[in-house]
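Biologist: I would like to learn how to read surface patches and ring pairs in a model. Please take them one at a time.

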Amino acid sequence: MTEQITAGQFHEADGVEDWRSLYHLVSAHFRTGSLADGVALVDEIGQLAGETEQQYLSIDLRPTGVTVSLSRRDIGLARRISAAARALDIPADPTAVQLINVTLDVLVSANVLPFWRALLGYRQIGDDYLADPARRGPGIGVQKMDEARPQRNRMHLDVAVPHEQAEARVAAALAAGGHLVSDAHAPKWWILADAEGNEACVATWVGRE
């Protein structure tokens, strides 16, 4: 298997306009008029994706649409899937994709991850991330604290969105009663909080290369 390309390299390619990078994934959403249309698209994808490609391909089928995610930034496969959707007259909606992770602030990740891995039935990736092997639930990540912060919320959501949607998502959250904690790392991520101080980050691929 070839080396993973960067998100920037993926988006510089022609024919991937339907797709958006979300952390380690690239995803596309195709809006269908019926479940039957979605099944037809999934069937086409099943025929065009090879055995190796299927290892990093996941598909979420709903009556209103099909979301396709690739854990490798495979330009060729992304192009073929988009072409199959166009042939079926199924439009893409790049604004409809996102990826949610739950992030824990920890002092020693090795003391914490085994508990969450056992509790959730997840598999561990590296020394700071847990993933659902069935690809249904959000990922669980840890980030190291220098010292305990008992008065601070130590769990937050990371919401990865298409890079061109991030500022609108931040604005909507602020208009809904939130406040900006920090934009020092934007557009890589913004830190927001609700009215009671519970934090969340809006993140994009920009600046992660």
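**Patch and ring pairs**

Modeller: Leu-35, Val-39, Ile-59 and Leu-61 make a nonpolar surface patch of about 300 Å². This is a predicted model, where local features need pLDDT of at least 70, side-chain atom pairs count only at pLDDT 80 or more, and totals for chains, interfaces and linings use all residues. Residues are numbered from 1 along each chain as its sequence is written, and side-chain values use heavy atoms, without hydrogens and water.

Biologist: Is Leu-61 buried, partly exposed or exposed?

Modeller: Buried means under 20% relative accessible area, exposed over 50%, and partly exposed in between. Leu-61, in strand β3, is partly exposed at 34%.

Biologist: How many aromatic pairs does the structure hold?

Modeller: Rings of Phe, Tyr and Trp (six-membered ring) pair with centres within 6.5 Å; planes under 30 degrees apart are stacked, over 60 edge-to-face, the rest tilted. The structure holds two pairs. Trp-19 and Phe-30 are edge-to-face, at 6.4 Å and 75°. Trp-19 lies in the loop between α1 and β1 and Phe-30 in strand β2, so the pair ties together parts 11 residues apart in sequence. Both residues are buried. Phe-115 and Trp-116 have ring centres 5.2 Å apart and planes at 85°, so this pair is edge-to-face.

Conventions: Helices (H or I, at least four residues) and strands (E, at least two) are DSSP runs, numbered from the N terminus. Buried means under 20% relative accessible area, exposed over 50%, partly exposed in between (1.4 Å probe, protein chains only). Patches are made of residues with over 30% relative accessible area and no salt bridge: like charges are joined within 9 Å, nonpolar side chains (Val, Leu, Ile, Met, Phe, Trp, Tyr) within 5 Å. Accessible areas come from the Shrake-Rupley method with a 1.4 Å probe; for residues, only the protein chains shown count as cover. A salt bridge is a side-chain nitrogen of Lys or Arg within 4 Å of a carboxyl oxygen of Asp or Glu.
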